[in-house]
Every structure is written in structure tokens, then in C-alpha cells.
Amino acid sequence: MKKDFLAVSDYSPAELQGMLDLAVRLKKEWRAGGNQPLLKNKVLGMIFQKPSLRTRVSFDMAMRHLGGDALYLSPNEIGLGQRESIADVARVMSGYVDAIMARVFAHEHVLELAKWSSIPVINGLSDYNHPCQAMADALTIQEEFGSLKGLNVTFIGDGNNVAVSLMHICAKLGANFTIASPEGYDIVPKAVELAKQFAAESGSRLTFLRDPHQAVKDAHVIYTDTWTSMGQEAEAKKREAVFPPYQVNQQLVSEARTDVIVMHCLPAHRGQEITDEVADGPHSRLFPQAHNRLHAQKAILVELLAEN
């Protein structure tokens with residue numbers, strides 16, 4: 001039976017930790033001279049509705065490092081759900097490649113791809129969640145602190161797709177998750193209900209606040225993201241009026257633990273959600289975090305595609 005990677009919430013804590021441990025091993029192996037060709041003769045078809053830097057390059061290079069190949073399909077080439085039905089695209093692609101990675105606007109599109117595909121489907125981002133980013137985030141935090149268990153992870157800003165997956169992986173792996181967001185920009189209720197279940201099982205805490213200063217007290221991790229995501233451009237002016245109190249700046253960082261690290265999934269709008277002083281400062285882990293997309297996704301690909 002094929003496996004998909006659509007949400008961290010679909011995987012058990014042991015499975016998630018197993019992939020993180022695999023990512024650590026693959027990263028170490030790569031740095032020591034290169035990875036074994038675990039995915040030799042395998043091809044990943046990459047469907048993009050949204051443009052990308054990290055998702056495209058990290059998946060492409062992950063397949064190359066592991067002995068496989070990747071095929072990029074731009075938004076204009078497929079017209080997913082417009083030029084051709086998603087069900088037909090899934091069934092056609094299933095005969096050409098070994099797995100599909102899709103970066104989409106609507107989460108329903110990636111779910112439908114997975115429904116009709118006979119090969120593994122990886123969610124490279126949807127409007128609901130961003131599970132590959134969460135795996136890279138967890139890997140970065142684990143490298144810094146040894147484990148997520150008992151850490152305080154604080155997200156500042158919009159309760160968006162990145163916040164959803166970060167909340168879920170924290171709750172699964174035992175980190176305490178706090179979010180400070182403006183009224184009207186909360187994480188969607190269905191994602192919160194799932195997180196409450198996971199937190200109850202792991203013994204972690206979930207905290208939902210309005211005040212970013214209260215949220216960062218005793219934080220090991222401060223995480224932020226852009227105020228306006230792709231597809232929300234019409235709301236940009238409104239959001240720019242609401243979010244300035246949620247800027248991650250030197251003052252806010254100074255209110256957290258002295259060993260706090262600052263994270264951002266990128267691209268960053270410097271001077272809005274994060275200042276240059278913080279993004280380029282000693283607490284920043286923005287670029288190790290971005291590089292860990294490569295290693296976390298290698299682990300996902302091996303989990304789904306490698307011969308047992």
C-alpha cells in the first residue's frame with residue numbers, strides 16, 4: 001500500500017522522530033562525501049501552482065544526491081484542475097514517475113491528487129499546511145537543543161499554514177507551542193482541535209495569545225512568517241495596518257531566553273515581520289533552517305520511495 005506525506009498529523013510521534021533521525025544520518029553522510037544512491041532510477045514529478053525557491057531546489061537536489069532525478073512542471077504546463085482534471089493528472093503522472101510533489105493553493109487539490117494517484121504524493125505546501133517545512137523546522141530545533149521535548153516554541157504573527165504544521169509537530173513531539181496573533185488571524189479551529197489531541201498524548205502545552213511580548217517569555221524558539229502570503233495580495237494593505245505590533249525585532253528577542261533562536265520559513269519581508277538586525281543577528285537560524293529543507297526532505301523521500 002502506497003504512503004503519502006500530506007500532513008505531519010498523519011504520522012505518529014515515533015514515525016516523525018524516525019524520519020528526523022534519518023535526516024540527521026543522511027545529512028552527516030552527505031557532508032562526509034555524498035549519499036548512497038538509495039533512490040537510483042527513481043523520478044519525482046514536481047507540480048507547481050505557486051513559484052518557489054526552497055521547495056523546488058531542495059527537492060530537485062535531494063533526488064540528485066540520492067541517485068534519482070526530478071521533473072519540474074510549471075503552473076502553465078498543467079493548469080491543475082483547469083486544463084485537465086486533478087484525477088486525470090494523478091492517473092497520468094502515476095504511469096510516468098515514481099512519486100509526485102505538489103505545491104498548490106487549495107489543500108483539496110493535494111488531497112485529490114493523493115486519492116487518484118497510485119504513487120506517493122508529497123504536500124510541498126497548501127493553504128492549510130506546510131508539512132515539509134515543519135520537518136525542516138523540527139530538524140533545526142533538534143540540532144540546536146538535542147530534542148523538542150519540553151521546549152517552548154513561540155510563533156508570532158498570522159495563524160497560517162506554516163503555523164499549523166509547526167503547531168502539530170510540536171504537539172506530536174512534546175514541545176510547548178505558543179502563538180501570538182491578532183484577532184481575526186487565528187489558526188483554523190480544525191487544526192487546533194487536532195493539536196489539542198496530540199498535546200494531550202505527549203504532555204505538551206498549547207497557548208493562544210494576542211500579546212507577542214507575553215508569548216516570548218521563556219521561549220527557546222521564536223518563529224515568524226510573512227504577514228501576507230501568496231494568494232493574499234488583495235489583503236496586503238489591511239494586513240500591513242494590523243501586524244506591525246507583531247514584528248520580531250531586537251526588543252522582542254531580548255524578552256525571551258538568552259539562548260533563544262529565531263526562525264523564519266522565508267521568503268522574509270525584512271523591515272516588516274522581521275528586522276535585519278534579528279534576521280542577520282546571533283540568534284538567527286534562518287539559513288541553517290532553509291538548508292535543512294534539503295535534508296528533511298531526503299528523509300521523507302527515502303521513507304516513501306526507498307526499497308525495503
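Reader: What share of residues 3-143 is helix, and what share is strand?
Author: Over residues 3-143 of this predicted model, the chain is 47% helix and 15% strand.

Reader: Which UniProt annotation covers residues 3-143?
Author: The UniProt record, an unreviewed entry, annotates residues 3-143 as "domain: Aspartate/ornithine carbamoyltransferase carbamoyl-P binding".

Reader: Turning to the sheets, what is the order of the open sheet of 4 strands?
Author: The order is β2-β1-β3-β4, and the pairing is parallel. Strands β2 (69-73) and β4 (121-125) are at the edges with a single partner strand each, so one side of each has no neighbour in the sheet. On average, neighbouring strands here are turned by 20° against each other, direction ignored.

Reader: How many bridges pair β1 with β2?
Author: Strands β1 and β2 pair over 5 bridges, in the parallel sense.

Reader: Which helix lies across β1, β3 and β4?
Author: That is helix α5, residues 107-116. Helix α5 runs at about 165° to β4.

Reader: And the open sheet of 5 strands: what is its order?
Author: Its strands follow the order β7-β6-β5-β8-β9, again with parallel pairing. The edge strands are β7 (206-209) and β9 (261-264), and each of them pairs on one side only. From one strand to the next, the twist averages 20°.

Reader: How many bridges join β6 to β7?
Author: There are 4 bridges between β6 (residues 176-180) and β7, and the two strands run parallel. Within this part of the sheet, Ala180 stands opposite Leu209 in β7.

Reader: Which helix lies across β5, β8 and β9?
Author: Helix α6, residues 131-145, lies across β5 (152-156), β8 (221-224) and β9. The angle of α6 to β9 is about 165°.

Reader: Now helix packing. At roughly what angle do α6 and α7 cross?
Author: The axes of α6 and α7 cross at roughly 50° and come within 8 Å. The two helices are therefore oblique to each other. Helix α6 passes α7 in a right-handed crossing.

Reader: Which residues of α6 and α7 meet?
Author: From α6, Pro131, Ala134, Met135, Asp137 and Ala138 meet Ser165, Leu166 and Ile169 of α7. By class, the residues of this contact are 6 nonpolar, 1 polar and 1 charged.

Reader: Are α1 and α7 roughly parallel or roughly perpendicular?
Author: The axes of α1 and α7 (residues 161-173) come within 9 Å and cross at roughly 105°. That makes α1 roughly perpendicular to α7. In α1, Pro13, Leu16, Gln17 and Leu20 meet Ile169, Lys172 and Leu173 in α7. The contact has 5 nonpolar, 1 polar and 1 charged residues.

Reader: What about α1 and α13: within what distance do their axes come?
Author: The axes of α1 (residues 13-31) and α13 (residues 286-305) come within 8 Å, crossing at roughly 115°. The crossing of α1 past α13 is right-handed.

Reader: Which residues of α1 meet α13?
Author: On the α1 side they are Met19, Leu22, Ala23, Leu26, Lys27 and Trp30. Their counterparts in α13 are Asn292, Leu294, His295, Ala296, Lys298, Ala299, Ile300, Val302 and Glu303. The residues of this contact divide into 10 nonpolar, 2 polar and 3 charged.

Reader: A change of topic: backbone geometry. Which peptide bond is cis?
Author: The peptide bond from Leu266 to Pro267 is cis, with omega near 0°. Pro267 belongs to the loop between β9 and α12 (276-279).

Reader: What is phi of Asn41, and where is Asn41 placed?
Author: Phi of Asn41 is near 70°, which is positive although the residue is not glycine. Asn41 sits in the loop between α1 and β1 (43-48).

Reader: Why call out those two sites?
Author: Most residues other than glycine have a negative phi, and most peptide bonds are trans.

Technical notes. Residues numbered from 1 in each chain as written. Predicted model: local features only at pLDDT ≥ 70, side-chain atom pairs only at ≥ 80, totals over all residues. Heavy atoms only, no water. Pairing = 2+ DSSP bridges. Axes fitted to C-alpha atoms, helices over the stretch in contact; angles between N-to-C directions. Contact = heavy atoms within 4.5 Å. Left-handed = near helix turned anticlockwise from the far one by under 90°. Nonpolar A, V, L, I, M, F, W, Y, C, P; charged D, E, K, R; others polar. Parallel < 35°, antiparallel > 145°, perpendicular 65-115°, else oblique. UniProt positions renumbered as here; feature names shortened; annotations may be inferred.
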